[in-house]
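Take a look at the protein below. This report walks through its surface patches and its charged pairs.

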Amino acid sequence: MAAPVSRPPIDRRIPPVPGEIHAFRFPSYLKRRLDNGLTVYTARLPGVPLISLELVVPAGAEHDPEGRGGLSTLTASLLDEGTAQKDALEIAAYVEELGGYLTTGADWDEGYLATGLLAQHRRQGLSLLAEVLTSPIFPEREIERLRRQRLAEILRRAYDPSSQADDRLTQVIYQGTVYARSLLGDEASVSALTRDEIEGFYRSHYAVSGSALIAVGDLEPEALLDEVEAVLGGAPGWSPPPSPEIRPEPLPGIQVHIVDRPGAAQTELRLGHRGISRKDPDFVPLAVMNTLLGGKFTSRINLNLRERHGFTYGASTRFVGRLGPGPFLAGAAVATESTGAAVREVLAELARICDEPVGEDELADTRSYLMGVFPYTVQTIADLAKRLEILAVYGLPDDYYDGYVARMEAVTREDVQRVAQQHIDPDHIAVVAVGPAEVLEPQLAGLGTLEVWSRSEPAPAGA
């Protein structure tokens with residue numbers, strides 16, 4: 001019997017030395033604009049015999065008319081509920097026969113139609129997307145069914161403290177603009193939507209001109225481009241309405257809003273103000289700064305609120321990228337008795353990153369983290385499709401991701417402080433706390449103007 005191998009003891013107090021960072025190259029892709037204005041992005045990602053096909057259309061909720069919140073998202077959800085050729089059940093059965101999925105929807109910036117299926121069925125997938133895009137019929141029975149589902153979800157969110165906090169914060173930040181509304185709409189707007197309005201929104205916004213098709217998977221890009229030309233090249237194109245200009249008024253100071261939830265042992269806490277567009281050239285250095293501030297487990301705000309003070313299981317910050325100025329958000333679920341202290345710690349961290357240059361080691365760790373995780377975000381078909389979607393929706397340069405890691409690596413201490421000073425403002429920020437008002441009000445008094453709301457009260461005037 002062989003003698004056991006002797007190994008040196010491991011000091012588990014010392015983290016392992018990180019390995020060498022390998023050079024990253026963004027996967028190659030082809031891009032072509034058809035005569036009808038449809039732009040096609042296609043990339044080969046072999047390994048599994050699957051393909052993802054997605055049409056993104058300039059039909060996001062930023063186009064919802066006043067008093068018609070939820071129109072864009074309801075229209076998008078109805079696209080696959082019946083066409084001139086198939087009813088909803090026939091569409092579902094056809095997709096199941098192909099062994100794939102079909103989904104439609106909308107966010108603030110886009111409407112989308114997406115399918116994933118075996119690569120050998122890509123022509124059928126393309127034809128199905130073309131059918132759903134060009135010939136939906138919006139049956140009344142499906143409108144009413146989805147309307148009931150939507151109203152039920154709006155009611156559920158009204159009793160969910162996390163959703164209450166998110167919704168109240170955006171109402172305060174974006175008062176008087178479309179961003180103040182929910183993507184779902186509200187009970188009044190959804191109840192009032194008509195089939196004519198849904199069909200009118202579709203006819204105004206669901207044009208192939210200005211839209212993009214993103215195809216990723218086990219395919220030959222040139223062959224796929226030819227198939228798209230054959231299937232969608234003849235689809236009519238017209239110029240959709242331009243994106244509206246969204247310019248929320250700056251907050252006059254610190255505004256505190258308490259949504260009363262009597263007896264709650266935990267308070268949903270949000271802080272925020274307007275941020276920047278995803279197209280802003282500061283987005284990369286801002287991503288580095290935000291990761292250091294509140295974008296990873298070892299970020300300043302999480303270590304402060306979780307590790308140092310024990311106020312929460314987790315706290316984070318983020319800049320939400322949109323075509324318009326998306327929000328800057330900080331959030332956590334905190335022990336109710338610690339809410340006031342948690343708010344003051346967050347405000348102090350926001351002020352510190354604006355006032356004090358970050359340390360070289362802290363910045364180097366943050367850059368290394370981001371450079372190390374980014375390649376993992378383009379491994380799968382869905383990952384790569386999402387990156388190409390970002391290029392298409394926000395009109396970013398074709399080589400944007402080729403130098404993405406290098407741009408992160410080049411971010412300096414001066415860059416971090418500059419973007420923090422330009423895009424974070426702890427003196428003009430909204431604070432929302434969903435919890436028991438009688439406990440929270442004394443803790444939050446003195447921070448700024450303070451208002452208390454019941455769950456059922458309407459948003460601030462103009463929201």
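This is a predicted model: local features need pLDDT of at least 70, side-chain atom pairs count only at pLDDT 80 or more; totals for chains, interfaces and linings use all residues.

Residues are numbered from 1 along each chain as its sequence is written, and side-chain values use heavy atoms, with hydrogens and water left out.

**Helix α7**

Helices (H or I, at least four residues) and strands (E, at least two) are DSSP runs, numbered from the N terminus. Buried means under 20% relative accessible area, exposed means over 50%, and partly exposed lies in between (1.4 Å probe, protein chains only). Helix α7 spans residues 195–205, and its buried residues are Ile198, Glu199, Phe201, Tyr202 and His205. Seen down the axis of α7, these buried residues fall within an arc of 155°, so they line one face of the helix. The arc is that of the directions from the helix axis to the C-beta atoms. Asp196 and Arg203 are exposed on the other side of α7.

**Salt bridges**

Side chains of opposite charge can pair when their charged atoms come close. A salt bridge is a side-chain nitrogen of Lys or Arg within 4 Å of a carboxyl oxygen of Asp or Glu. The whole structure holds 25 salt bridges. The table shows some of them.

| Pair | Closest N to O |
|---|---|
| Arg44 and Glu220 | 3.5 Å |
| Arg203 and Glu199 | 2.9 Å |

Which parts of the chain does the pair Arg122 and Glu227 link? Arg122 is in helix α3 and Glu227 in helix α8, 105 residues apart. Arg122 is partly exposed at 23% relative accessible area, and Glu227 is buried at 15%. Arg203 and Glu199 are four residues apart in helix α7, so about one helical turn separates them. Arg203 counts as exposed, at 52% relative accessibility. Salt bridges that share partners also join Glu81, Arg141, Glu142 and Arg145 into one network.

**Patches**

Patches are made of residues with over 30% relative accessible area and no salt bridge; like charges are joined within 9 Å, and nonpolar side chains (Val, Leu, Ile, Met, Phe, Trp, Tyr) within 5 Å. Glu360, Asp361, Asp365 and Glu414 form a negative patch. Helix α12 gives the most to this negative patch, with three residues. Asp361 lies in helix α12 and counts as exposed at 62% relative accessibility. Val48, Leu50 and Leu118 make a nonpolar patch of about 210 Å². Val48 sits in the loop between β2 and β3.

Notes: Accessible areas come from the Shrake-Rupley method with a 1.4 Å probe; for residues, only the protein chains shown count as cover. Lys and Arg count as positive and Asp and Glu as negative; His and the chain ends are not counted. The place of a charge is taken as NZ of Lys, CZ of Arg, CG of Asp or CD of Glu.
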